[in-house]
Every structure is written in C-alpha cells, then in structure tokens.
Amino acid sequence: GLTYPPGAFDYVAWLDYLDARGVNFHKMWVLETARGWSDADAYFDPLPWARTGPGNAADGRPKFDLTQFNQSYFDRLRERVILAGNRGHYVAAQLFQGWNITAKGMGNYPFVYHPLNGPNNINGIDGDADNDNEGEETRNLANTAIIAIQAAYVEKVVDTLNDLDNVLWEVSNEEDGTTQTNAWQNHWIDYIHTYEAGKPKQHPVGMTVIYPGGSDSDLTSS
C-alpha cells in the first residue's frame with residue numbers, strides 16, 4: 001500500500017476474479033523489503049522475520065531479528081495456498097524478489113529498508129557492504145552468513161508448503177542479469193531439489209526471466 005499499514009487484501013475476491021475468467025494459476029508474490037518499490041514509495045507488511053528491536057529500522061519500526069521468524073507470515077501463506085488448491089488452482093510460490101534488491105534504473109532504492117541491510121537488523125548482517133543503497137551482495141554465494149539466513153528462510157517456506165500438491169517454486173522475480181545472480185539462482189534450484197528429496201513431496205523449481213539484461217540461455221542452462 002501507499003500508506004502504512006497497507007490495506008487488507010481480499011484474497012477470496014481475487015480467487016473469485018480468477019475463477020470467473022477460467023484462470024487456475026497465479027503467483028504468490030513475495031516482497032523482501034519493508035518499504036519502497038523501484039518506481040513507487042510503497043509499504044509492505046508482513047515480512048518473514050520478527051521485528052523485535054532494540055532500535056528502529058529505516059522505516060521507523062523496530063529492527064528485524066533474522067534469527068526469529070514471524071510465524072503469522074507463514075501461516076497466511078499456507079492458508080492462501082490451501083484456499084487456492086481447494087479451487088483447483090496452482091500457485092508459483094516466489095522465494096525472493098529482484099525488484100527489492102536494486103533500483104533497476106528507477107528512482108527509489110528499496111534495499112534501504114530491507115531486513116538484510118545492516119541498519120535494519122540486530123544481527124550484524126549487512127547486505128550493502130559497499131554502501132551504494134543496493135543489495136547485490138545478497139546474491140553473492142561468497143557471503144556465507146547471508147546465504148545461511150536465506151537457507152533457513154527457504155527451508156521454512158518449503159516446510160510450510162511441502163505437503164501441498166498445487167505448488168511450484170519460483171526462485172525469484174526478475175533478478176538482474178549477472179553471472180553472480182545466475183549462479184545464486186541455480187544454487188537455490190539445486191538446494192530445494194536436495195532439501196525436498198527427503199520429504200513427502202517434491203515440486204518443480206523454476207527460474208524466471210532475468211531483468212534487465214537477461215537471455216533465454218540463462219533459463220535453458222539453469
């Protein structure tokens with residue numbers, strides 16, 4: 001929403017809208033940051049991690065504790081995927097959001113408000129080591145502390161939805177087209193395949209088009 005707190009989204013009405021048009025697939029859109037889209041100053045809530053403080057993040061609300069999940073986030077995700085499945089709908093469950101990491105040439109810098117930006121968490125994790133207000137460092141496999149936090153989050157999402165049949169995993173929406181980002185996405189494709197191998201169900205894992213600078217070969221070689 002353009003104000004905080006964002007207005008409630010009528011998910012059942014959304015499913016009705018899709019049913020009326022014969023559509024049985026949609027994305028479970030994910031936002032990584034608390035505030036800011038590349039071309040609009042928007043607010044996003046809830047997010048996966050608990051906001052415990054001490055101290056306030058850049059959006060004026062308590063800082064994130066990256067060791068504590070916000071269970072209500074995952075409960076709502078599960079509820080919505082079940083509601084979709086009850087109608088025969090498939091969902092692409094996004095895990096990450098490329099438009100919350102870099103400005104992509106637009107006017108806003110969403111990573112300023114991101115939980116993995118140093119000033120916004122209590123855990124000493126900084127995904128903007130070069131202080132350029134962008135979080136491309138969070139897509140670098142060499143940043144092992146950040147990858148560990150992302151892995152715990154990915155496992156939590158998979159655990160939340162693994163028993164449901166109507167799920168396809170989507171690593172991220174429109175990541176920037178760099179070798180680093182492609183390696184990072186391929187890492188999560190492999191990671192989820194391995195993690196789900198020992199679970200009751202296994203689901204397809206997809207890489208979405210890169211933007212900007214993507215090519216079909218990014219996808220066909222994934």
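Reader: What makes the reach of helix 3 (residues 144–161) close to the one expected?

Author: Helix 3 has 18 residues and extends 26 Å from its first C-alpha to its last, against 26 Å expected at 1.5 Å a residue. The expected span is 1.5 Å times one less than the number of residues. Helices (H or I, at least four residues) and strands (E, at least two) are DSSP runs, numbered from the N terminus. The model is predicted: local features need pLDDT of at least 70 and side-chain atom pairs count only at pLDDT 80 or more, while totals for chains, interfaces and linings use all residues. Residues are numbered from 1 along each chain as its sequence is written, and side-chain values use heavy atoms, with hydrogens and water left out.

Reader: Which elements do the buried residues of helix 3 pack against?

Author: Among the buried residues of helix 3 are Ile146, Tyr153 and Leu161. The buried residues of this helix pack against strand 4 (49–56), strand 5 (62–69), helix 2 (71–86), strand 6 (90–97), strand 7 (167–173) and helix 4 (179–197), where contact means heavy atoms within 4.5 Å.

Reader: Why is Trp188 called buried?

Author: Buried means under 20% relative accessible area, exposed over 50%, and partly exposed in between (1.4 Å probe, protein chains only). Trp188 has a relative accessible area of 0%, so the residue is buried. Tyr191, at 24%, is therefore partly exposed.

Reader: Why is the pair of Tyr191 and Tyr195 called stacked?

Author: Rings of Phe, Tyr and Trp (its six-membered ring) pair if their centres lie within 6.5 Å; planes under 30 degrees apart count as stacked, over 60 as edge-to-face and the rest as tilted. Tyr191 and Tyr195 lie 6.5 Å apart centre to centre with 20° between the planes, so the pair is stacked. Both residues lie in helix 4, four residues apart, about one turn of the helix. An α-helix has 3.6 residues a turn, so residues three or four places apart point the same way. Tyr191 and Tyr195 belong to one aromatic cluster with Trp49, Phe96, Tyr153, Trp184 and Trp188.

Reader: What makes the chain as compact as a globular protein of its length?

Author: The secondary structure comes to five helices and eight strands. The radius of gyration is 17 Å, close to the 17 Å that the globule rule gives for 222 residues, so the chain is as compact as a globular protein of that length. The radius is taken over C-alpha atoms, and the rule is 2.2 Å times the number of residues to the power 0.38.
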